[in-house]
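Please keep the sequence and the structure in view while reading.

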Amino acid sequence: MSLTTEERRTWLERVPLFRGCSSEIIDQLADAMAEFEFAADQPIVQQGQVGNGLYVIVSGGARIVAGSEELARLGSGEFFGELSVIDQRPRAASAFADGATTCLALASWDLVSVLERDPRLAMNLLRELAGRLRMADEQLRH
Amino acid sequence: MNQQQILDALAGLSLFSDLDRPQLQAVAHTMSEESFPAGQRILREGFTGAGFFVILDGEVTVRVDGDDVARLGKGDFFGEISLLLGEPPIADVVTSGPVQALQLAGPDLRAFLLAYPVVMYRMLQSVSRRLDRANRRS
């Protein structure tokens with residue numbers, strides 16, 4: 001699969017993370033991202049490796065695994081890797097392709113420069129993570 | 001605290017580490033300085049009307065269902081998660097001793113962060129780090 005810039009744009013605009021971004025930013029993201037194809041069960045990122053990119057699932061899916069525990073199954077339009085990208089820390093979990101999978105990947109340095117140029121994108125991501133943090137904190141109470 | 005002491009305190013915080021002195025002054029003017037005695041509940045679990053607080057001096061205890069789950073001190077901030085989500089706090093935040101803090105009223109946080117994207121980025125790193133820790137604990 002090889003996505004045109006226009007297809008990438010359409011795809012990115014569906015991702016909640018990038019909702020509300022200007023066309024210019026979407027174009028820059030589309031141009032900056034790279035496509036990667038993975039066979040079923042192939043590792044996309046490995047737990048413990050220094051994180052350097054955000055991955056958006058175009059087709060197929062990803063199993064998010066920490067140690068021996070599966071944390072989540074993600075599908076088309078969902079993303080992962082954002083924690084390492086923002087904090088430059090080792091990957092908290094591995095991601096394995098759930099069937100044949102194609103991802104659009106955004107490198108951490110490109111994400112940071114886009115966040116600095118478009119505060120609304122940063123706000124979207126901040127609220128997404130805040131919601132996840134609250135869910136995680138609430139789960140820990142029970 | 002006088003204005004100079006507040007600026008010196010702000011200059012040492014990682015949240016504001018990308019701001020220059022004039023920007024720090026602007027931030028200090030935007031927020032209001034608050035003093036709390038020991039044993040005061042700054043945030044109440046389940047109650048709306050929360051604000052955003054940056055601790056300049058002193059310590060607070062984060063309490064969930066009566067259990068102390070964390071301590072926050074100088075340089076730490078709290079209240080932002082509730083404000084970002086538009087939901088009430090899920091914990092009480094109670095002062096352990098006298099506390100000096102800067103406060104931003106709830107409705108102002110979004111505009112403040114958009115005006116200071118570098119601060120928003122530091123907050124993003126903080127939330128990201130906390131989420132990472134929470135995920136690893138579960």
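Axes are lines fitted to C-alpha atoms, for helices over the stretch in contact, and the angles between them run from 0 to 180 degrees between N-to-C directions. Helices (H or I, at least four residues) and strands (E, at least two) are DSSP runs, numbered from the N terminus. The model is a predicted one, in which local features need pLDDT of at least 70 and side-chain atom pairs count only at pLDDT 80 or more, whereas totals for chains, interfaces and linings use all residues. Residues are numbered from 1 along each chain as its sequence is written, while chains are lettered from A and ligands numbered from 1 in the order in which they are written.

**Helix pairs**

| Helix pair | Axes come within | Crossing angle |
|---|---|---|
| Helix 2 of chain A and helix 4 of chain A | 11 Å | roughly 175° |
| Helix 1 of chain B and helix 2 of chain B | 10 Å | roughly 110° |
| Helix 5 of chain A and helix 5 of chain B | 9 Å | roughly 25° |

Angles under 35 degrees count as roughly parallel, over 145 as roughly antiparallel, 65 to 115 as roughly perpendicular and the rest as oblique. Helix 2 of chain A and helix 4 of chain A are therefore roughly antiparallel to each other. Their contact, where two residues are in contact if their C-beta atoms, placed from the backbone, lie within 7 Å, joins I25(A), Q28(A), L29(A) and A32(A) of helix 2 of chain A to D110(A), V114(A) and R117(A) of helix 4 of chain A. The residues of this contact divide into 4 nonpolar, 1 polar and 2 charged, where Ala, Val, Leu, Ile, Met, Phe, Trp, Tyr, Cys and Pro count as nonpolar, Asp, Glu, Lys and Arg as charged, and the others, Gly among them, as polar.

A residue is buried if 20 or more other C-beta atoms lie within 10 Å of its own, exposed if 12 or fewer, and partly exposed in between, with C-beta atoms placed from the backbone. In helix 2 of chain A, which spans residues 23–32, I26(A), L29(A) and A30(A) are buried. These residues cover an arc of only 100° around the axis, which puts them on the same side of helix 2 of chain A, the arc being that of the directions from the helix axis to the C-beta atoms. E24(A) and D31(A), on the other side of helix 2 of chain A, are exposed.

In chain B, helix 1 (residues 3–11) and helix 2 (residues 21–30) are roughly perpendicular to each other. Q3(B), I6(B), L7(B), L10(B) and A11(B) in helix 1 of chain B meet L24(B), Q25(B), V27(B) and A28(B) in helix 2 of chain B, and the residues of this contact comprise 7 nonpolar, 2 polar and no charged.

**Between the chains**

The contact between the chains takes 25 residues from chain A and 25 residues from chain B. On the side of chain A that touches chain B, two or more residues are given by each of helix 3 (82–87), helix 4 (108–117) and helix 5 (119–140) of chain A. Helix 5 of chain A supplies the largest share of that side, 17 residues. By class, the side of chain A that touches chain B has 14 nonpolar, 2 polar and 9 charged residues.

Helix 5 of chain A is roughly parallel to helix 5 of chain B, which spans residues 117–137. Among the residues that make this contact are L126(A), L129(A) and L133(A) of helix 5 of chain A and L124(B), V127(B) and L131(B) of helix 5 of chain B. The residues of the contact divide into 18 nonpolar, 2 polar and 4 charged.

**Individual residues**

P89(B), in the loop between helix 3 (80–85) and strand 7 (92–95) of chain B, is buried, with 23 other C-beta atoms within 10 Å. Leaving aside its neighbours within four places in sequence, P89(B) is in contact with L43(B), R44(B), E45(B), A50(B) and S82(B).

L56(B), in strand 3 (residues 52–57) of chain B, counts as buried with 22 C-beta neighbours inside 10 Å. Beyond residues up to four places away in sequence, L56(B) touches several others, including M1(B), I6(B) and L102(B).

Most residues other than glycine have a negative phi. D41(A), however, has a positive phi of about 70° although it is not a glycine. D41(A) lies in the loop between strand 1 (34–38) and strand 2 (43–45) of chain A and is exposed, with 11 other C-beta atoms within 10 Å.
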